[in-house]
Amino acid sequence: MPISVKEVIKTAAELIGDGDLAKTVEEGSSSSEELSLLLKCFNLVENEVALDYFPLKTCETFTPAGGLIYFTSFSEPPIRLISVTDGGGCPLAYERFFDRIDLHGYGQKVEVTYAFAPVTKTLEGNSDYAGRVSARLLACGVATEYLLAAGRYAEASAFNQKYRDALRAAAEPGHKLTVRARRWA
């Protein structure tokens, strides 16, 4: 289930103790300067998470023209190529240029898996994340950025620690419950 931008911003407003701002976000009635700043902070945090911690990945199929695939034909602007494979899943040799991938004349269908940056969201939009990256994690990041912008550095430092801890926890693989073996005397 996608995470609502409004939900993240409302949670961030509640975390920083601004109930009036949380109510304004909930109602969505007026666009204040603070609400605009929170939205900018959300976009900044989502972008940071995508670029530095949990890349947004997608896979697309192309038929190269003359062995070239231009980035303008991708549905999302690629940041990093993860793999380029033929129809059978075998890796292909390629060169990356600023505007294209050169497959050295290969002209059959290829699958390109790549990471991309999230687009700028509006208050009514949804985050590109669901699952490991939670609304709370994003809200802690938004609260940190908002407090930094407001000059509330001591509070920002505390929220930054919560944000970093949440990122670390999300990156850890799931823990399995284990039962110790019995020992017989």
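Q: How many bridges join E1 to E6?
A: This is a predicted model, in which local features need pLDDT of at least 70 and side-chain atom pairs count only at pLDDT 80 or more, while totals for chains, interfaces and linings use all residues. Residues are numbered from 1 along each chain as its sequence is written, and side-chain values use heavy atoms, with hydrogens and water left out. Strands (E, at least two residues) and helices (H or I, at least four) are DSSP runs, numbered from the N terminus. E1 and E6 run antiparallel, and the number of bridges joining them is seven.

Q: Which residue of E6 is the bridge partner of Phe 62?
A: Two strands pair if DSSP finds at least two bridges between them. For Phe 62, the bridge partner in E6 is Val 110.

Q: What is the order of the strands in the open sheet?
A: E3 is also joined to E6 by seven bridges, and these two run antiparallel. Here Thr 85 stands opposite Glu 111 of E6. The open sheet has three strands with antiparallel pairing, in the order E1-E6-E3. E1 and E3 each pair on one side only, so the term edge strands applies to E1 and E3.

Q: Why is E6 largely enclosed by the rest of the structure?
A: Buried means under 20% relative accessible area, exposed over 50%, and partly exposed in between (1.4 Å probe, protein chains only). E6 is largely enclosed because, of its seven residues, the number buried is six.

Q: Against which helices do the buried residues of H5 pack?
A: In H5, the buried residues are Ala 156, Phe 159, Tyr 163, Ala 166, Leu 167 and Ala 170. They cover an arc of only 100 degrees around the axis (taken from the directions from the helix axis to the C-beta atoms), which puts them on the same side of H5. With contact meaning heavy atoms within 4.5 Å, the buried residues of H5 pack against H1, H3 and H4.
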